[in-house]
Amino acid sequence: MTTTLITGANKGLGHETARRLLAAGHTVYIGSRDAERGRRAAERLGARMVVLDVTDDASVAAAAKTIEADGGLDVLINNAGIEERTPDGGVAGPAEITADMMRRVFDTNVFGVVRVTHAFLPLLQRSAAPVVVNVSSGLASLTRAADPDTPGFGYPGVAYPASKAAVNMITVQYAKAFPNMRVNAVEPGYTATDLNQHSGTQTVEEGAEIIVRMARLGPDGPTGGYFDVDGPIPW
Ligand SMILES: NC(=O)c1ccc[n+]([C@@H]2O[C@H](COP(=O)([O-])OP(=O)(O)OC[C@H]3O[C@@H](n4cnc5c(N)ncnc54)[C@H](OP(=O)(O)O)[C@@H]3O)[C@@H](O)[C@H]2O)c1
């Protein structure tokens, strides 16, 4: 039996990933920073629920203790993420971005990934087939950001793509340090969720596909890579 934790799984891509992995036979913990939102999602899906705010050491430590007491963890999906918005709802570009905005985004998207992974490492190391999926973004690709012929080229934001580029580097470093684990970064594609006020062009079913696929990797699967649904993408 495979036990999986998905952070920020009370809605959006994390919620859909939970639904799919439950159908594939995983025991799934919905991580939710809000107990009531998490409880409702877990009830809807038939999943377990753990309160987990990725920006809070005590919350993450308590979640790790609960899951350890229940028997451990095989798959960690670092999915919780935010995109900073200006007061008028726009994306903060180079003229608007401040250190405080950067810090808020990094606290969730980057330090959150490290906080959660660090707390769950001892559990993952006891698994026979440990897997970590870091939900990154295509906007993290430096190659694409510098190429006028790619769709993300015109995206003006600073904090969000920088945070996901950091997630990519964290992924590579963890993958090298823990060769017994499959550790990969994924780009779900532009998906209609609350993150982008549902402007995304894909459904959550489509967006969750690569997250689910990488969560189900066996010990012979790739590690230290960056993938979308069609395969490896440039860093
Ligand atoms: N949608 C896209 O087009 C797209 C594309 C590429 C990558 N992604 C990535 O996919 C992941 C999921 O995003 P989504 O599109 O599904 O957005 P979403 O619907 O807004 O879901 C984000 C989830 O993260 C949770 N979250 C935020 N801050 C948290 C914290 N401090 N602790 C715990 N959970 C927290 C949210 O919980 P609350 O309900 O409590 O706010 C929510 O459950 C993110 O990492 C995002 O960057 C999305």
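Student: Which residues does Val 75 touch, leaving out those up to four places away in sequence?

Tutor: Two residues are in contact if their C-beta atoms, placed from the backbone, lie within 7 Å. On that count Val 75 touches Thr 2, Thr 4, Val 131 and Ala 215. The model is predicted: local features need pLDDT of at least 70, side-chain atom pairs count only at pLDDT 80 or more, and totals for chains, interfaces and linings use all residues. Residues are numbered from 1 along each chain as its sequence is written.

Student: Is Val 75 buried or exposed?

Tutor: A residue is buried if 20 or more other C-beta atoms lie within 10 Å of its own, exposed if 12 or fewer, and partly exposed in between. Val 75 has 25 other C-beta atoms within 10 Å, so Val 75 is buried.

Student: In which strand is Val 75 found?

Tutor: Helices (H or I, at least four residues) and strands (E, at least two) are DSSP runs, numbered from the N terminus. Val 75 is found in strand S4. From S4, Val 75 and Ile 77 point one way, while Leu 76 and Asn 78 point the other way; all are buried.

Student: With which strands does S4 pair?

Tutor: Strands of a sheet pair through backbone hydrogen bonds, either parallel or antiparallel. Here a pair needs at least two bridges found by DSSP. S4 (residues 75-78) pairs with strand S1 (residues 3-6) in the parallel sense over three bridges, and Ile 6 stands opposite Ile 77. With strand S5 (residues 131-135), S4 pairs in the parallel sense over four bridges, and the bridge partner of Ile 77 in S5 is Val 133.

Student: What order do the strands of the open sheet have?

Tutor: The eight strands run S3-S2-S1-S4-S5-S6-S7-S8, with mixed pairing. Strands S3 (48-51) and S8 (231-232) stand at the edges with a single partner strand each, so one side of each is left without a neighbour in the sheet.

Student: Which residues touch the most other members of the largest nonpolar core?

Tutor: In soluble globular proteins, nonpolar side chains tend to be buried together. A nonpolar core is a set of buried Ala, Val, Leu, Ile, Met, Phe, Trp, Tyr and Cys residues joined through C-beta atoms within 7 Å. The largest nonpolar core has 59 residues, and Ile 30, Ile 77, Val 133, Ile 211 and Ala 215 touch the most other members. Not counting residues up to four places away in sequence, the contacts of Ile 77 include Val 133, Ile 211 and Ala 215.
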